[in-house]
Amino acid sequence: MADHSKVLPALAAVLLCCCCPLAQCGGGGQNYTSMFSFGDSLTDTGNLLVSSPLSNHIVGRYPYGMTYFHRPTGRCSDGRLVVDFLAQAFGLPLLQPYLQSRGKDLRRGVNFAVGGATAMDPPFFQEIGASDKLWTNLSLSVQLGWFEQLKPSLCSSPKKCKEYFSKSLFLVGEIGGNDYNYAFFKGKTLDDAKTYVPTVAAAVTDATERLIKAGATHLVVPGNLPIGCSSAYLTLHPGRNSSDYDAAGCLKTYNDFAQHHNAVLQQNLRALRAKYPQARIMYADYYGAAMSFANNPKQFGFTEGPLRTCCGGGGPYNFNPKASCGVRGSSVCTDPSAYSNWDGVHLTEAAYHAIADSILNGPYTSPRLL
């Protein structure tokens, strides 16, 4: 395992940000009237900006947000995320970040996700010796606590809550990726990280069950992305020879690890479905959806390929932990839609659009979302 002590701060800063057209797809028979989301930087729409002043140096500055919003919003991308495309597909407003929602009507939904968040609570990282790498303590359990605090303002009785949440969609993640990132930053090996998978996957499953007990009926639980295709991992953990890479140029071992996490999570969700047959628990295969454009980038319009970042500071993959996106020494491409990789860890709006379209209309949600 390489020593990342010199490049850790810059890389961790980057990490904090993680068919038919969607707007015309409708609900496919599902009339969702509200949506609630939890997770990390792959889903955060602005909570990090409020929770951490450090974020003002990262997602709070241009070019983040350049494509759709034309300003930084707290999203770790050039534009919209999967959660935004799902909301628009179901005719819902883009979700307000919970920490910026004081005094606002949240009956149509809110976003609890925080960039840098983990599935596990801080004591877990103390136990593995990685607590000094944490960039936020606003873990998944904290986000669930926020939801439970908000719940009385959404519905006033068990009967009304049951009716209200029967028309709500819950997005539980993606979450768990940072748990492994922090471990790798601390120098843990893949074998070490594999021992954490049952605990991390169980935390996601337990959160899903907690929401079901609170009244949730429709839940989408995404798996982890193929981290072996991340230009951050490709730069910091390069293979020793060509056999370490797959046909798309991704690192096989790290993608195998992501698939292992996803397999354990799916096994847990199958048990949860048996326990709560009244709930509709859908696994969203972010890994499979992302590998579709990793293997066939031009088919999705990614003419610059799947691995090189749009926003970065040079190097083989345009990822430089000493000059990460948004800081001095980095530059941004003129057409983010030609890239799937935004900043080395997070994806472009175009890539998130492709994933959202895949889980809405393709084979990457089980059972099907529509």
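I take buried to mean under 20% relative accessible area and exposed over 50%, with partly exposed in between, using a 1.4 Å probe and protein chains only. By that rule, E349 and R80 are both buried.

**Ground rules.** I am reading a predicted model, in which local features need pLDDT of at least 70 and side-chain atom pairs count only at pLDDT 80 or more, while totals for chains, interfaces and linings use all residues. Residues are numbered from 1 along each chain as its sequence is written, and side-chain values use heavy atoms, with hydrogens and water left out. For helices (H or I, at least four residues) and strands (E, at least two) I use DSSP runs, numbered from the N terminus.

**Salt bridges.** I count a salt bridge where a side-chain nitrogen of Lys or Arg is within 4 Å of a carboxyl oxygen of Asp or Glu, and the structure holds seven of them. I looked up E349 and R80 again, and their side chains meet in a salt bridge at 3.1 Å, N to O. Because E349 lies in helix α12 (residues 349-361) and R80 in the loop between α2 and α3, this pair ties together parts that are 269 residues apart in sequence.

I then turned to R75, which forms a salt bridge with D84, the closest N and O atoms being 2.8 Å apart. R75 is buried at 6% relative accessibility, and D84 is buried too, with 1%.

My next entry is D132, whose salt bridge with K133 has its closest N and O atoms 3.4 Å apart. K133 counts as buried because its relative accessibility is 15%. Salt bridges with shared partners join D132, K133 and K186 into one network.

**The sheet.** I traced an open sheet of six strands in the order β2-β1-β3-β4-β5-β8, with mixed pairing, where two strands pair if DSSP finds at least two bridges between them. Its edge strands, each pairing on one side only, are β2 (109-111) and β8 (365-366). Strand β5 (residues 280-284) and β8 run antiparallel and are joined by two bridges, and in β8 I find T365 as the bridge partner of A284.

Helix α10 (residues 252-275) lies across β4 (218-222), β5 and β8, running at about 170 degrees to β5. Such angles run from 0 to 180 degrees between N-to-C directions, with axes as lines fitted to C-alpha atoms, for helices over the stretch in contact.

**Backbone notes.** Most residues other than glycine have a negative phi, and most peptide bonds are trans. I noted a cis peptide bond between Y62 and P63, with omega about 15 degrees, and P63 sits in the loop between α2 and α3 (82-89). The bond from G173 to E174 is also cis, with omega near 15 degrees, and E174 belongs to the loop between β3 (168-172) and α7 (177-185).

H70, in the loop between α2 and α3, has a positive phi near 60 degrees and is exposed at 62% relative accessible area. N318 likewise has a positive phi near 60 degrees, but N318 is buried at 9%, in the loop between β6 (311-312) and β7 (331-332).

**T43.** Last, I looked up T43, found in the loop between β1 (34-38) and α2 (47-51) and buried at 2% relative accessibility. Taking contact as heavy atoms within 4.5 Å, and leaving aside neighbours within four places in sequence, I find T43 in contact with residues including S37, L81, N111, G173 and E174.
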